[in-house]
2 protein chains.
Amino acid sequence: MVDVCLLGTGGMMPLPGRYLTSLLIASQGKMILIDCGEGTQVTLKMCGWGFKAIEAICFTHFHADHIAGLPGMLLTIANSGKTTPLTIIGPIGLETVVNGLRVVAPHLPFEIIFIEVSNDKANSFDIHGFKIDTLPLDHGMICVGYNINIGRQRKFDALRAENANIPKIFWNKLQKGEEIFFEGKLYKPDMVLGESRKGIKISYCTDTRPTENIISFVEEADLFICEGMYGEDEYIVKAVEYKHMLFSEAAFLAKKANVKELWLTHFSPSLLFPEEYLEAIQEIFVNTKIGEDRLIKELKFEI
Amino acid sequence: MVDVCLLGTGGMMPLPGRYLTSLLIASQGKMILIDCGEGTQVTLKMCGWGFKAIEAICFTHFHADHIAGLPGMLLTIANSGKTTPLTIIGPIGLETVVNGLRVVAPHLPFEIIFIEVSNDKANSFDIHGFKIDTLPLDHGMICVGYNINIGRQRKFDALRAENANIPKIFWNKLQKGEEIFFEGKLYKPDMVLGESRKGIKISYCTDTRPTENIISFVEEADLFICEGMYGEDEYIVKAVEYKHMLFSEAAFLAKKANVKELWLTHFSPSLLFPEEYLEAIQEIFVNTKIGEDRLIKELKFEI
């Protein structure tokens, strides 16, 4: 089971009643945060999931509305009692930007591990069971999208274990992933486990123009969180100029990528009532939601 | 006439429903902001006084809860259309700290003028008619308090002008502050103006332990905005350790300095209901208010 909370839905600047776009993903007591603009720590406090379990913060890019809340967030995480390392992931230049902002948060009780992702290829790594993939996006500055994949353990297959004549006393340890060497023979977890099972895939793409690469990157995602800066198609000139997307462009990406569900976010400050466009957008991709601050969903593994 | 708005009342970290301590002062179409923690731009937006007229931002010190909102504030001021210089005032090291934070706000359409104030003496300067004085405070890092004095123009004194035989054609120009040289004689504004008149004095002291110097610094202030981190006197050990004040300590300062009114602010996140202590504190200094986010007052010149 995986819980996601869209902490905010704003783009450009925080507004009364609209925090900046940021996503929190929780699974098995660990959390990943994507983006951290000014005020993200406050909406996270309202969400109530705590700060101590944050293992990684991923940044799409270094515009202030996506990262300026970092120093306050680090201090509040510190205040939560965390002492284990925190991983911070983002485009090349990450360490310089973070260290600039940390001029007001120089002393922390935990280590920071930096992972700078290349912008000319996809990157992939594992943080506490979250498999994280990145994709270069098309914005005014170097920017990446994220897939967070949460794998599912394979089932124990007793028949398989019996057929392979594996002593029963080893079954439990093998199921838990241990390898055992006994009387000249090596027993591996693979020998007692069934077919691999589908995990959960969450995709997060902002800020960007729509690209063909996004379609294959977010393909079949259980939840696709995508920027929609403008509701009306008339804003296409602005969207192209500032390298953002229309609601309709995000919906076409969702449709082509055959995702299960689309949440729109990163609304322009001038877009006061994004829900007014829902009906029109659902004609392109029916399972669309207009993001709301602290919109929460529990994603379940397939039975 | 001078308007003040206490934009927030929190200390340490922003909370749902409580922005960080910050003060906005407006007079004759110009504004001064003191402190700018994470979220200050949002509460300022709620206050509705706009961003473009901000001429100076004063910082007491460089703890994140007083300055981490600066990059977002600068971008929002930029977005308001301001192109004239912005003065930023704060303790020694200001430029380094601001430039660190500006890693996410490098391009602005206005110049920034830095004024770094010495911590071993009082400083005084004039910004667009606001006379600003600073005083070193007693906190865990270099920290200064501010007096903002708004002067009042002297009245035109016709009798005085007549007695001095000043030609009537010059009266208007002299009243407006011009000097005139005519037929070998220098006419000065002073010759047509009455007694100097009392201005308005606003004092802002946070974060600090109470000191004797604060008393003389804030003496006779029309409004004294002072930190009160803890409501109960039992917290004195904590207040001493972290270099903050009890409500009662702030009230004794107000009483000794004979200020007109005291507003308490910079409440500890653990202090959920500061108004519970009001009655007890008013026994020390009757004209005390417990600060609230966006508490507004119009200060009038004496008749």
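Let me start at a single glycine: just after helix H1 of chain A, Gly48(A) takes a positive phi of about 85°, where helices (H or I, at least four residues) and strands (E, at least two) are DSSP runs numbered from the N terminus. Please keep in mind that this is a predicted model, in which local features need pLDDT of at least 70 and side-chain atom pairs count only at pLDDT 80 or more, while totals for chains, interfaces and linings use all residues. Residues are numbered from 1 along each chain as its sequence is written, and chains are lettered from A and ligands numbered from 1 in the order in which they are written.

Staying with H1(A), residues 40–47, its buried residues are Thr40(A), Gln41(A), Val42(A), Thr43(A) and Leu44(A), buried meaning that 20 or more other C-beta atoms, placed from the backbone, lie within 10 Å of the residue's own. Their cover includes strand S1 (2–8), strand S2 (22–27) and helix H3 (70–79) of chain A, with contact taken as C-beta atoms, placed from the backbone, within 7 Å.

Turning to the strands of chain A, S9 (residues 144–152) and S12 (residues 197–205) pair in the antiparallel sense over six bridges, pairing requiring at least two DSSP bridges, and Ile148(A) has Ile202(A) as its bridge partner in S12(A). S12(A) also runs parallel to S13(A), residues 223–227, joined by four bridges, with Ser203(A) opposite Phe224(A).

Finally, the contact between the chains takes 25 residues from chain B and 25 residues from chain A. On the side of chain B that touches chain A, helices H1 (40–47), H2 (64–67), H3 (70–79) and H4 (94–101) of chain B each supply at least two residues.

Notes. Contact = placed C-beta atoms within 7 Å. Buried ≥ 20, exposed ≤ 12 C-beta atoms within 10 Å, placed from the backbone.
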